[in-house]
Amino acid sequence: MAQHFLLSAAARTLSLKGIMQMSDDEAHAAFAAIRFAGNGGEAFCPRCGCAAVYAYTVRRIWKCQGCRRQFSVTSGTIFANRKLPIRDYLAAIALFVNAAKGISALQLGRDLEVSYKVAFVLAHKLREAIGAEQIKGRLSGVVEVDGAYVGGHLRQENEAKDRKDRKRGDEAHLPR
Ligand SMILES: [Zn+2]
């Protein structure tokens, strides 16, 4: 029997260990390779799509020869106007996508040392990005899907006035 894909090395492409060992330059290069994968990893202008760009050596930004605008590796992505180091965003992606059963914003916040609010927004941006990508294409060949369940059981309404009534009712039904 063939080995299950998730047990193979091919399934371990984005490890937290690997990311946390990256220098700032390595993290930036890794992000750029993913960000500009559609252009063979070479930067292109997110505004006009022009591939003729100058790379600045001092700051990690580019300037488009077409529209003359500057852009960074995160311009035009969900990580634009970022506050955290690029490595932390890679780590957030790794934590998020490797959590097979999902990850709570509180846990993500603890792992990344950011507030609940920052982690919550980050997780939602990642979900939105995944959702936006999924709309684009149709899957083909052998497709395997993992499921996630959101919501489900509706809890009984729990209001203070009902609690009081229920308690009284329960007492009335106690065995004597
Ligand atoms: Zn441009």
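User: To begin with the helix pairs, what is the handedness of the crossing in which helix 4 passes helix 5?

Analyst: This is a predicted model. In it, helix 4 spans residues 105–112 and helix 5 spans residues 116–136. Where helix 4 passes helix 5, the crossing is right-handed.

User: Which residues of helix 4 and helix 5 make the contact, and how many of them are nonpolar, polar and charged?

Analyst: Helix 4 contributes Ala105, Leu106, Leu108, Gly109 and Leu112. Helix 5 contributes Tyr116, Val118, Ala119, Phe120, Leu122 and Ala123. Gly counts as polar under the classification used. By class, the contact of helix 4 with helix 5 has ten nonpolar, one polar and no charged residues.

User: Are helix 4 and helix 5 roughly parallel or roughly perpendicular to each other?

Analyst: The two axes lie 8 Å apart, and helix 4 and helix 5 pack at an angle of about 110°. Angles of 65 to 115 degrees count as roughly perpendicular. Helix 4 and helix 5 are therefore roughly perpendicular.

User: Which residues form the contact of helix 3 and helix 4, and how many of them are charged?

Analyst: On helix 3, the contact is made by Asp88, Ala91, Ala92 and Leu95. On helix 4, Leu108, Asp111 and Leu112 take part. The residues of this contact between helix 3 and helix 4 include five nonpolar and no polar ones, and the number of charged residues is two.

User: Is Phe31 buried or exposed?

Analyst: Phe31 is found in helix 2. Leaving aside neighbours within four places in sequence, Phe31 is in contact with Val73, Ile86 and Leu90. Phe31 has 22 C-beta neighbours inside 10 Å, and 20 or more are required, so Phe31 counts as buried.

User: Where is Arg68, and what is its phi?

Analyst: Arg68 is in the loop between strand 2 (61–64) and strand 3 (70–72). Arg68 is exposed, with 10 other C-beta atoms within 10 Å. Most residues other than glycine have a negative phi. Arg68 is not a glycine, yet it has a positive phi of about 65°.

User: Where is Glu113, and is Glu113 buried or exposed?

Analyst: Glu113 is in the loop between helix 4 and helix 5. Its phi is near 55°, a positive value in a residue other than glycine. Glu113 has 10 other C-beta atoms within 10 Å, and because the limit for exposure is 12 or fewer, Glu113 is exposed.

User: How far apart in space are Tyr56 and Gln70?

Analyst: Tyr56 is in the loop between strand 1 (53–55) and strand 2. Tyr56 touches Ile61, Trp62 and Lys63, not counting residues up to four places away in sequence. Tyr56 and Gln70 are 14 residues apart in sequence, and from C-alpha to C-alpha they are 9.7 Å apart.

User: Finally, what percentage of the residues of the chain count as buried?

Analyst: The chain has six helices and three strands, and from the N terminus on its elements run α-α-β-β-β-α-α-α-α. Among contacts with a separation of 6 or more, residues 24 or more positions apart account for 36%. Of the 176 residues of the chain, the buried share is 13%.

Definitions and conventions
Residues are numbered from 1 along each chain as its sequence is written. This is a predicted model: local features need pLDDT of at least 70, side-chain atom pairs count only at pLDDT 80 or more; totals for chains, interfaces and linings use all residues. Axes are lines fitted to C-alpha atoms, for helices over the stretch in contact, and angles run from 0 to 180 degrees between N-to-C directions. Helices (H or I, at least four residues) and strands (E, at least two) are DSSP runs, numbered from the N terminus. Angles under 35 degrees count as roughly parallel, over 145 as roughly antiparallel, 65 to 115 as roughly perpendicular and the rest as oblique. A crossing is left-handed if the near helix is turned anticlockwise from the far one by less than a right angle, and right-handed if clockwise. Two residues are in contact if their C-beta atoms, placed from the backbone, lie within 7 Å.
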